[in-house]
Amino acid sequence: MALRHKSLFNYGLEITTYNQSLDFKTSPSGPIYAATILVGNYTLSGLALQISQSMRAADPLNGYSISIDRTTSGGTSNRMTIGTSAGTLILLFGTGPRVTSSIASLIGFDSVDYS
């Protein structure tokens, strides 16, 4: 069985200039924030930490957290959930200005916007 998303792995997650972008908003009419993940190799937990730090650097007024569901039931193993203290979070994986270098597929998301 082939894995659809690399997020199912616990280590060996590589960030390059081709997948280091995470564009997001904290309100539908608000500004687009551009989080840039540092190039390198990560464990899943290390990548989650790096993503939350990059999002905080892009938008220091709000807090960002990432949780990883490590259960193996129901096909949710290693599912990454991104949250914010802002109340609303829109991940621009399909329409962001840096969609061609999006981190979406590496962390288990399709190339569509999520809110």
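Student: What makes strand 2 count as mostly covered?

Tutor: In this predicted model, five of the five residues of strand 2 are buried, where buried means under 20% relative accessible area, exposed over 50% and partly exposed in between, with a 1.4 Å probe and protein chains only. Ser21, Asp23 and Lys25 on one side, and Leu22 and Phe24 on the other, are all buried, so by that definition both faces of strand 2 are covered.

Student: How do you know that strand 2 and strand 3 pair?

Tutor: Strands are DSSP runs of E with at least two residues, numbered from the N terminus, and two of them pair if DSSP finds at least two bridges between them. Strand 2 and strand 3 have four bridges in the antiparallel sense, with Ala35 as the bridge partner of Leu22, whereas strand 2 (residues 21-25) is joined to strand 7 (residues 90-92) by two bridges, also antiparallel.

Student: Why are strand 3 and strand 8 said to stand at the edges?

Tutor: The open sheet has four strands in the order 3-2-7-8. Strand 3 (33-36) and strand 8 (113-114) each have a single partner strand, so one side of each is left without a neighbour in the sheet.

Student: What is the mean pLDDT of the chain?

Tutor: The mean is 86, and 83% of the residues reach 70 or more, on a scale of predictor's confidence in each residue from 0 to 100. Over residues 1-8, however, pLDDT stays under 50. Where pLDDT is low, the predicted coordinates should not be read in detail.

Residues are numbered from 1 along each chain as its sequence is written. Local features need pLDDT of at least 70, side-chain atom pairs count only at pLDDT 80 or more, and totals for chains, interfaces and linings use all residues, while side-chain values use heavy atoms, leaving out hydrogens and water.

Note on methods:
Contact means heavy atoms within 4.5 Å.
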